Amino acid sequence: MSTRATTRAARHAALRACPGLAETAACLARLAGTVAGAAFCGVFLLDYTSTELVLRAAWHGDKGLSTPEGLSLPLDGDDPVCFSLQTGEPYTTRPDERSRLFPSLALLGPVRPAARLTALPLTAARNISLGGVLLGFAGPDARPEQYDDAALLCDVGALLLESHLQRQKERLLLHSLNEDITRLENSARTLRTAESLFLGESPAALRVREWIARAAPTDIPVLITGETGTGKELAASALHAASLRHAAPFVKINCAALPGQLLESELFGHRKGAFSGADCDRPGLLRSADGGTVLLDEIGEMPSELQAKLLRVLQDRQVRPVGDTHPRAVDIRIVASTNRNMEEALASGAFRPDLYHRLAGLRIHIPPLRERPEDIPLLARHFLVQIGEAVRRPGLSLTPESLRLLCAASYPGNVRQLCNRIQTAAVMADPATGHLTPEAFAGLEASPADGTEPEAAGLTHSLRLLEEKLIAQAMARCSGNVAEAAKELRLPRSTLVSKLKKWPR
């Protein structure tokens, strides 16, 4: 093998040894420029839209290699590289006033003006055009063998660049497919989570689950409204569990349960000595939930002075503890809930409009149970399974008559009231069959725990109903253990057994 053939083989081997697209383009620029005896060389490749030529590598005889970023020229420009790419043939031009305006020459930025410019096309298999190589010469023309060697290098380089581009496209496609799969899996997980935590097959329940599924993947603040007992906290739990923050803390705060000063300390934290009794630093619940979700329950009851401070948290994503002068960054998602008529609260000035609009990035209304009565059987069976496990009677079931009774009843306390009724009746279930018969629900309609006043049928009757309710609740808490229930009720065991025997079966 001749010396020239050996040298060619070594150059081609150097190109093939390059691990990636950037390395191959840089090696081609250096080898082509050196072989042709050029002062500089640039490798240009089409972008993915095939509308621009991107400068991938530049070589200057006096400065060496460089890898520019973000430099490109339009494909339809008046430029030797564009002309060579479009014709598929080499193109040579002598410098003049016009050539100094060539975009490719401006991108390469040679120190000295070129005496001649030569553009060679980069054409891969099946005549696929990839781009072009621009050679700038400061001295005499290249010898024919130099030109041939440079052209052959461009042919080999084009094949290798096409291979790298194809692998790059495949990696991008695979990444895109993986993102699509992840997005679909997250969407499916979101729907499953919403279905498992917020039960119901009625159109109203399905709408709520759809809102939860759409809002969960985002960080938009959500305001959940609805009557007491409708399941606002469950909806908030579903939002968190189905979100990307599901592995982080979910912190619940009842804004109506604490006085203003104590609520401020609980929310924002405090420094040691900030007030009487502050004997140590506390981060506060908002900072404790960093990375997760905070549920501000009963937000409509928050004192006005704290509303302004909460607004700053939403705006600046920072918390300033009580007694501290430096705010602390916090990454949380805020979900708020209320059973209050917020329109009336806004109109009366009890709630700040700017805070309301911040909290209500998305508003989800949980309908009362009377607006989705078709969900009562599903909810009743779900609660019965849970309660059956709690009282160690997993075989409990509802008779058709009991189910009709439940569906016909009113529920001013909504889902929570339905759960309480099932819980009380579960204690009264037939011990032999485990069936909850209509008799197990006797007297529950007028129970004070249902949110209604005792019926005006006499004090004795009302007291009996209340007694039965208290006994049933104690039996449920004690998992059916009569001795423990009697101890909790402060009754002799024999007295409790006697009362239970008198209950209808």
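Trainee: Which backbone oxygen lies 2.4 Å from a polar atom of the S402 side chain?
Mentor: The one of L436. Keep in mind that this is a predicted model.

Trainee: Where does S402 lie?
Mentor: S402 is part of helix 14, residues 400-408.

Trainee: Buried or exposed, that serine?
Mentor: Buried. Its relative accessible area is 0%, and the cut-off for buried is under 20%.

Trainee: What does S402 touch, leaving out residues up to four places away in sequence?
Mentor: Four residues: L436, T437, P438 and F441. L436 is also the residue whose backbone oxygen lies 2.4 Å from a polar atom of the S402 side chain.

Trainee: And L405, what does that touch, with the residues up to four places away left out again?
Mentor: P438 and F441. Both are on the contact list of S402 too. L405 lies in helix 14 as well.

Trainee: How far apart are L405 and P438, in sequence and in space?
Mentor: 33 residues in sequence. In space, 7.1 Å from C-alpha to C-alpha.

Trainee: Why is L405 classed as partly exposed?
Mentor: Because its relative accessible area is 34%. Partly exposed sits between the buried limit, under 20%, and the exposed limit, over 50%.

Trainee: Which residues of helix 14 are buried?
Mentor: S402, L403 and L406 are. They cover an arc of only 100° around the axis, so they sit on the same side of helix 14.

Trainee: What does the face turned away from that buried side carry?
Mentor: Exposed residues: P400, R404 and A408.

Trainee: And what covers the buried residues of helix 14?
Mentor: The cover includes two helices, helix 13 (376-390) and helix 15 (414-427). It also includes strand 15 (397-398) and strand 16 (435-436).

Trainee: How many bridges join strand 8 to strand 13?
Mentor: 4, and the two strands run parallel. Strand 13 covers residues 333-338. Strand 8 is also joined to strand 14 (residues 362-365) by 4 bridges, again parallel.

Trainee: What are the bridge partners of L223?
Mentor: In strand 13, A336. In strand 14, R363. For I224, the partner in strand 13 is S337.

Trainee: Are the faces of strand 8 covered or open, and which residues sit on each side?
Mentor: Both faces are covered. V222 and I224 are on one side, L223 and T225 on the other, and all are buried.

Trainee: Now the whole chain. How many helices and strands does the protein have?
Mentor: 18 helices and 16 strands. Of its 505 residues, 44% count as buried.

How values were computed:
Residues numbered from 1 in each chain as written. Predicted model: local features only at pLDDT ≥ 70, side-chain atom pairs only at ≥ 80, totals over all residues. Heavy atoms only, no water. Buried < 20%, exposed > 50% of the residue type's maximum accessible area, 1.4 Å probe, protein only. Pairing = 2+ DSSP bridges. Polar contact = N/O pair within 3.5 Å; in protein donor to acceptor, adjacent residues only side chain to side chain. Contact = heavy atoms within 4.5 Å. Arc of directions from axis to C-beta.
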